[in-house]
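Colleague: Could you walk me through this model, one feature at a time? I would like the general idea first and then the case in hand.

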Amino acid sequence: MGAPGVSELVSMRTDGGVAVITIDNPPVNAMKHEVRLGLLDLVSRAAGDPDSSAVVLACAGRTFVAGADITEFGQPPRQPTAIAVIEAIEACLKPVIAALHGTPLGGGLELALGCHFRIAAPGTRLGLPEIKLGIIPGAGGTQRLPRLVGIEKAMTMILSGEPIPAREALDAGLIDEIVEGDLIAGAVSFARRVVTEKRPLVLARNRDERLASARDLAAFDAAAANYTKRAKGQNAPAAAVAALRGALTLPVADALKRERDLFLELVAGDQSKAQRHIFFAEREAAKVADIAGAKARDIRRAAVIGAGTLGGGIAMCFANAGIPVAVVETSAEALSRGLDTVTRNYRNTAARGGLSTEEMEARIARIAGTTDLTAIADADIVVEAVFEDMGVKQEVFGKLDRIAKSDAVIASNTSYLDIDALARSTARPQAVLGMHFFSPANVMRLLEVVRGAATSPETLATAIAVGRKLGKVPAIVGVCHGFVGNRMLRLRSVEAERLLLEGALPQDVDGALTDFGFPMGPFAMADLAGLDVGWRMRKAQGLSAPIADQLCERGRYGQKTLRGFYLYEPGSRSPKPDAEVEQLIVDTAAQRGIVRSPLGKETMLERLLFPMINEGARILQEGIAQRPGDIDVIWVYGYGFPIYRGGPMHYADSVGLGYVRDQLMAFAHSTGDDRHRPSPLLEELAAAGKGFASLGT
Ligand code: CAA
């Protein structure tokens, strides 16, 4: 029975002396304003209700509260805050039991931490993922969690943001019981037991016993440094450490206030704004307006053509998701080489503790290697990952067309080539699309789903659903050379080489981008991928790169030859500057009559990023990407664009499009490269004083 006059989203009933408060705010019971209002009201009613001696706090639907409502961040806070609700629960003299299921995360877990007891259904995953949104827990999580699970465990959970399963939560002391069967019934009987046994009601905030033994600040600081040094450039990790340190050094009330101050500062800052943008953009990127209603087909078996680095990685993605996959190669030798690499990858993961031996074997067993193409006949999806050449791929597509099931999806993993031309080499272009995985395919989260002119809504919907099942972030793109990511990357590569001729060295250019937050710069990246790959591609297209081409002519292919833009010691991946490369750059510039002079970091950064942003604007105008946020997602998940800067288009908005336009005009002038002229869309938005965000997420 709903309580009249209160938020529709929270209701209360009484079950034999136990008040059961239920939140019902689909899809994830986010604790938006009306929920907080309703909760506060019903918690105080339950506290004063003579007919109940205990309170159960539960949620309807798929999960207990999965956090604050992220859409409310950045708006003025509205009373009551989550803190006020939690304090009302703590002030209740009757036992309050949180009944958890699904994903009690962030403010949801903090709500549960304010209760006297927590019980959970078996599949529950509990966590404080705020760090992933560029913030820290702001409703007591950094103080109550360490008091239950100890400071080390709390640090791991808060700084990784990763949730833990119910079993681990029970062992750690975060929950009191795992309830099999009906959760609410279990919670009610747990509540009755607490009352009958007169169990003391000890609040998490007052349980200092686990912290007393952990006041070794030197050990704390050493453990914290491990996290903060990995999080260069980000504000939230250091703030999380400062808040957690308060648990060891301050009275709880002061530490809670400190946590709140740090939270408020972060939530108002640019980094969290950028990370929230990516949170929503990631979910939007997989949505396509004109295929709404198209049903994804069931994928029970998959096939991958090609057992190279990408093919093997893609096969692992299917195997990891529980989908049996056939891997087809032309020769037995290439096949066994590919499968050996896959097995080695799995063994390494298992050896590092990332996978049980049993699970590793199950995954390996799902991958069946063969040289017989007819093995794809029962696959619901076939992903082609053969040599990047149109002729070769068209021939493969012709064969797949003859063998594959009539309703199979036929995907190409090409990173540049025309999907429509591939589709035309089959008699079923509606079943063809691109599924562009990024190397290493089993690790990188991005999946560019390339929609061809003839791709049917069902084919597209199936590829998106499969992508999600494989744990990827699908982003839908249209057909053009290089799609979205590589098309933009190409401009950055050209500019990186120009900067060398104008006065920079590879380490300067790479340094500008790593200082910005990329894990790697373009030259270190090229060395890792192999310079010969780009060389071959440029030759095929009649393009050139002044320095990279000469390095290749000298047999310097990057890490695999221990020489590329940098030098490498055998067995080491760490790049060392090389005088020979510097000389080559200086000589090449001189031959071209370019006078080299030092370049500032800011200049290099703008030269590398602004042309890409300009290309992004063209991509939007052409409809190759649906939304600016899709481009951001592609760059964050496929190319290491720092998430806390929100991707290139969001970053451009934060810099101001007027400034980006002015700089681009100056670059066009100084380089003579017309591609740097601001695109019409960029011009238009800049002139109107608008940003890309005005076009929609
Ligand atoms: N606020 C607002 N909307 C949210 C939300 C939140 N906390 N969490 C999820 N949603 C929305 C999503 O945007 C999505 O909307 P659309 O359907 O319109 O795209 C919808 O809910 C479903 O989400 P998913 O598609 O992600 O569903 P899923 O089942 O794959 O995952 C989930 C569910 C694990 C809860 C995942 O959504 C998630 O991780 N959510 C964020 C959790 C989080 O970060 N919580 C902490 C918030 S910060 C906080 O709480 C701070 C504080 O202490 C004050």
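**Reading the ligand site and the backbone**

Modeller: Gladly, and let us begin at the ligand: one of its nitrogen atoms is 2.9 Å from a polar backbone atom of Ala 66. A polar contact here is a pair of N or O atoms within 3.5 Å; within protein, one must be able to donate a hydrogen and the other to accept it, and residues adjacent in sequence count only if both atoms are side-chain atoms. A nitrogen atom of the ligand also lies 2.9 Å from a polar backbone atom of Ile 70. From the side chain of Glu 110, an N or O atom is 2.5 Å from a ligand oxygen. Of the 980 Å² of accessible area that the ligand has on its own, the protein covers 73% (Shrake-Rupley method, 1.4 Å probe).

Modeller: Before we go on, this is a predicted model: local features need pLDDT of at least 70, side-chain atom pairs count only at pLDDT 80 or more, and totals for chains, interfaces and linings use all residues. Residues are numbered from 1 along each chain as its sequence is written, and side-chain values use heavy atoms, with hydrogens and water left out.

Colleague: How many residues surround the ligand, and which are the closest?

Modeller: A residue counts as near if one of its heavy atoms lies within 4 Å. The ligand has 24 residues around it, and the closest are Arg 62, Gly 107, Glu 110, Arg 283 and Lys 287. By class there are 13 nonpolar, five polar and six charged residues in this shell; Ala, Val, Leu, Ile, Met, Phe, Trp, Tyr, Cys and Pro count as nonpolar, Asp, Glu, Lys and Arg as charged, and the others, Gly among them, as polar.

Colleague: Which helices each supply at least two residues of that shell?

Modeller: Helices (H or I, at least four residues) and strands (E, at least two) are DSSP runs, numbered from the N terminus. Here α3 (107-114) and α12 (270-284) each supply at least two shell residues, and the largest share, three residues, comes from α12.

Colleague: Is α3 largely enclosed or open?

Modeller: Buried means under 20% relative accessible area, exposed over 50%, and partly exposed in between (1.4 Å probe, protein chains only). Eight of the eight residues of α3 are buried, so this helix is largely enclosed by the rest of the structure. Among them are Gly 107 and Glu 110.

Colleague: What about a buried charge, such as Lys 94?

Modeller: Look for a salt bridge, a side-chain nitrogen of Lys or Arg within 4 Å of a carboxyl oxygen of Asp or Glu. Lys and Arg count as positive and Asp and Glu as negative; His and the chain ends are not counted. Lys 94 has no salt bridge, and the nearest side chain of opposite charge, Asp 49, is 5.5 Å away. The Lys 94 side chain does reach the backbone oxygen of Asp 49, at 2.7 Å. Lys 94 sits in the loop between α2 (82-91) and β4 (96-100).

Colleague: And where should I check the backbone?

Modeller: Most residues other than glycine have a negative phi, and most peptide bonds are trans. The bond from Pro 26 to Pro 27 is cis, with omega near 0 degrees, and the one from Gln 79 to Pro 80 is cis, with omega near -5 degrees. Asn 29 has a positive phi, near 55 degrees, and lies in the loop between β2 and α1. Asn 29 counts as buried because its relative accessibility is 1%.
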